[in-house]
Amino acid sequence: MFQNSLRTSVSLSLYRSNVSSCLRSQTFRRFLSQESRTKIQAAVTEYPVVLFMKGNPEQPMCGFSRGVVKILSAFDIPPEKFKTYNVLEDLELRTGIKEFSEWPTIPQLYVNGEFVGGSDIALSMFQSGELETLLEQHGVIPKASESPS
């Protein structure tokens with residue numbers, strides 16, 4: 001009985017591993033067009049900080065998007081360094097950004113073209129000081145030692 005249970009457990013584990021790798025492979029993706037992929041790539045690199053969210057900073061349409069907006073507002077990021085995209089206005093963007101980043105949820109935060117994470121990761125990085133350090137390293141905000149007193 002234990003051997004059967006062990007065999008089943010190992011088989012299930014291998015199956016999950018194979019399914020997981022298939023989901024990440026090119027052959028099993030949702031078929032995001034090259035044109036959409038190119039547009040999203042251009043969007044995430046157009047500004048130093050890019051947030052794909054539900055709604056806009058003045059009127060977020062979900063609590064998670066609102067949370068990331070509040071976090072980012074604490075840094076007073078200059079408008080010329082920050083851009084948001086409302087995924088509710090564009091179904092292709094809403095589904096495409098998830099495939100592009102291989103991250104299943106919105107909001108999604110990018111810094112200097114690199115995917116940072118969703119609201120939980122942004123909150124954790126904010127609380128630990130990592131987000132501020134990241135923004136300083138990329139010249140988005142001045143380093144604390146350079147700030148006027």
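The model is predicted, so local features need pLDDT of at least 70 and side-chain atom pairs count only at pLDDT 80 or more, while totals for chains, interfaces and linings use all residues. Residues are numbered from 1 along each chain as its sequence is written, and side-chain values use heavy atoms, with hydrogens and water left out.

**Overall make-up**

The protein chain holds six helices and six strands. Helices (H or I, at least four residues) and strands (E, at least two) are DSSP runs, numbered from the N terminus. Along the sequence their pattern reads α-α-β-β-β-α-β-α-β-β-α-α. The chain has 149 residues, and 34% of them count as buried. Here buried means under 20% relative accessible area, exposed means over 50%, and partly exposed lies in between (1.4 Å probe, protein chains only). The accessible surface of the chain is about 9700 Å², with 54% belonging to carbon and sulfur atoms. These areas come from the Shrake-Rupley method with a 1.4 Å probe, and for residues only the protein chains shown count as cover. Contact is defined as heavy atoms within 4.5 Å. Among contacts between residues at least 6 apart in sequence, 62% join residues at least 24 apart.

**The sheet**

Four strands make an open sheet of mixed pairing, in the order β4-β1-β5-β6. Two strands pair if DSSP finds at least two bridges between them. Because β4 (82–86) and β6 are at the edges with a single partner strand each, one side of each has no neighbour in the sheet. From one strand to the next the twist averages 25°. Axes are lines fitted to C-alpha atoms, for helices over the stretch in contact, and angles run from 0 to 180 degrees between N-to-C directions.

β1 and β5 are antiparallel and share four bridges; F52 stands opposite Q108 in β5. β5 and β6 also run antiparallel, joined by three bridges, and V111 stands opposite E114 in β6. Their hairpin has two residues between the strands, and N112 takes a positive phi near 50°. From β5, Q108 and Y110 point one way and L109 and V111 the other way, all of them buried.

| α2 | 34–46 | β1, β4 and β5 | about 130° with β1 |

**The nonpolar cores**

In soluble globular proteins, nonpolar side chains tend to be buried together. A nonpolar core is a set of buried Ala, Val, Leu, Ile, Met, Phe, Trp, Tyr and Cys residues joined through side-chain atoms within 4.5 Å. The largest such core in this chain has 19 residues, and L72, I77, L109, L131 and L135 have the most contacts inside it. Elements giving two or more residues to this core are β1 (49–53), α3 (63–73), β5 (108–111), α5 (119–128) and α6 (130–137). Four residues come from α3, the largest share. Apart from its neighbours within four places in sequence, I77 is in contact with V49, L72, F82, L135, V140 and I141. A second, separate core has 13 residues, including L32, V50, V87 and I97.

**Helices α5 and α6**

In α6 the buried residues are L131, L134, L135 and E136. Their cover includes β1, α3, β5, β6 (114–117) and α5. After α6 comes G139, which has a positive phi near 70°.

Helix α5 contains S119 and S128. S119 counts as buried, at 17% relative accessibility. Leaving out neighbours within four places in sequence, S119 is in contact with F64, V68 and P107. S128 is partly exposed, with a relative accessible area of 46%. A polar atom of the S128 side chain lies 3.2 Å from the backbone oxygen of M125.

Definitions and conventions
A polar contact is a pair of N or O atoms within 3.5 Å; within protein, one must be able to donate a hydrogen and the other to accept it, and residues adjacent in sequence count only if both atoms are side-chain atoms.
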